[in-house]
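Work through the exercises below with the model open. Try each task before you read its solution.

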Amino acid sequence: MHEFGLCEGVLDTVRARAGGRQIAAIRVRFGVRHAVDEESMAQAFAMIAEGTEAAGATVELVTVPATIVCPDCGFSGETTDLLATCPRCASTKAQLSGGDEMVLESIRYAAAPAAEAK
């Protein structure tokens, strides 16, 4: 489960940006080439974030597709299949590019507790 290694880096970045504020949720973008599973990512993040200001935060994963280009028929488009063949002509010479992004897209902070009424 390589998601643990990825989560360590994500958590470091999240904590640096949070500055001690409690985190409610994060949204991360991973290219399809990282082969990140959303459920595994959420479980790994929960375990790694335990005891930090990110404990209990939800994780939303956005998967970024790769681009496939076929030299045989000229097809160009997006794919999430890393073993892609050309969807138009079935050529195995199709080439993939992109899909290797890793971006912390957003952090949502927990609402500050309301001041107690006197």
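**Exercise 1.** Classify V14 as buried or exposed, then place V14 in the fold and list its contacts.

*Solution.* Start with the accessibility. V14 has a relative accessible area of 0%. Buried means under 20%, exposed means over 50%, and partly exposed lies in between, with a 1.4 Å probe and protein chains only. V14 is therefore buried. This is a predicted model, in which local features need pLDDT of at least 70 and side-chain atom pairs count only at pLDDT 80 or more, while totals for chains, interfaces and linings use all residues. Residues are numbered from 1 along each chain as its sequence is written, and side-chain values use heavy atoms, with hydrogens and water left out.

Next, the element. V14 sits in helix 1, residues 3-18. Helices (H or I, at least four residues) and strands (E, at least two) are DSSP runs, numbered from the N terminus.

Now the contacts, meaning heavy atoms within 4.5 Å. Set aside neighbours within four places in sequence, and V14 contacts I23, I26, L104 and I107. Finally, a distance: M102 is 88 residues from V14 in sequence, yet the C-alpha atoms are 13 Å apart.

**Exercise 2.** How many disulfides does the chain have, and what is the state of C70?

*Solution.* A disulfide is a covalent bond between the sulfur atoms of two cysteines. The test here is a pair of cysteine sulfur atoms within 2.5 Å. By that rule the count is zero. C70 is in no disulfide, and its nearest cysteine sulfur, from C89, is 3.7 Å away. With a relative accessible area of 2%, C70 is buried. C7 is buried too, at 0% relative accessibility.

**Exercise 3.** Inspect the backbone at A35 and A90: what are their phi values?

*Solution.* A35 is not a glycine, yet its phi is positive, about 50°. A35 lies in the loop between strand 1 (23-31) and helix 2 (38-49). A90 also has a positive phi, near 70°. The loop between strand 4 (76-79) and strand 5 (95-97) holds A90. A90 counts as exposed because its relative accessibility is 52%.

**Exercise 4.** Describe the chain as a whole: what are its elements, dimensions and charges?

*Solution.* Begin with the elements. There are two helices and six strands, in the order α-β-α-β-β-β-β-β from the N terminus.

Then the dimensions. The radius of gyration, taken over C-alpha atoms, is compared with a globule rule of 2.2 Å times the number of residues to the power 0.38. The chain has 19 Å, whereas a compact globule of 118 residues would have a value near 13 Å. The C-alpha trace spans about 75 × 25 × 20 Å along its principal axes.

Next, burial. Buried residues are 35% of the 118.

Last, charge. Lys and Arg count as positive, Asp and Glu as negative; His and the chain ends are not counted. Each charge is placed at NZ of Lys, CZ of Arg, CG of Asp or CD of Glu. The chain has 10 positive and 16 negative side chains, and the centres of the two sets are 7 Å apart.
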